[in-house]
Amino acid sequence: WSSWVNFTKFLTGASTVGGIAIPSILKHAGVIGWGAFAMELSSYFVFGMAIICYLWMSGDDDYSIL
């Protein structure tokens with residue numbers, strides 16, 4: 001069971017890093033412009049805030065974020 005938990009933690013970390021790294025690489029290479037880069041980072045911020053608000057509003061005591 002622990003191996004599946006570790007695997008999901010790895011996938012979460014890889015998608016988090018990739019969500020920021022891939023647009024940064026594309027911007028550095030000149031493939032995308034500042035507008036696309038800003039829009040991607042703002043969508044990442046909105047998604048993160050949605051997760052935090054969901055955990056905060058769920059009333060579950062398993063997660064103590066705030």
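A helix here is a DSSP run of H or I with at least four residues, numbered from the N terminus, and its expected span is 1.5 Å times one less than its number of residues. Welcome to this predicted model, where local features need pLDDT of at least 70, side-chain atom pairs count only at pLDDT 80 or more, and totals for chains, interfaces and linings use all residues. Residues are numbered from 1 along each chain as its sequence is written, and side-chain values use heavy atoms, leaving out hydrogens and water.

Q: How many Å does α1 reach from its first C-alpha to its last?
A: Helix α1 has 28 residues, for which 40 Å is expected at 1.5 Å a residue. The model comes close to that, with a reach of 39 Å.

Q: Where does α1 bend by about 30 degrees?
A: The bend at a residue is the angle between axes fitted to the seven residues ending there and the seven starting there. In α1 that angle is about 30 degrees at G18.

Q: Is α1 roughly parallel or antiparallel to α2?
A: Axes are lines fitted to C-alpha atoms, for helices over the stretch in contact, and angles run from 0 to 180 degrees between N-to-C directions. The axes of α1 (residues 2–29) and α2 (residues 34–57) come within 10 Å and cross at roughly 170 degrees. Angles over 145 degrees count as roughly antiparallel, so α1 and α2 are roughly antiparallel.

Q: Which residues in α2 meet α1?
A: Contact means heavy atoms within 4.5 Å. From α1 come T16, G19, I20, P23, S24 and K27. Their partners in α2 are W34, F37, E40 and Y44.

Q: Is P23 buried or exposed?
A: P23 sits in helix α1. Buried means under 20% relative accessible area, exposed over 50% and partly exposed in between, with a 1.4 Å probe and protein chains only. Because its relative accessibility is 9%, P23 counts as buried.

Q: What separates the C-alpha atoms of P23 and E40?
A: Leaving aside neighbours within four places in sequence, P23 is in contact with G18, I32, F37 and E40. P23 and E40 are 17 residues apart along the chain, and their C-alpha atoms are separated by 7.3 Å.

Terms used. Helices (H or I, at least four residues) and strands (E, at least two) are DSSP runs, numbered from the N terminus. Angles under 35 degrees count as roughly parallel, over 145 as roughly antiparallel, 65 to 115 as roughly perpendicular and the rest as oblique.
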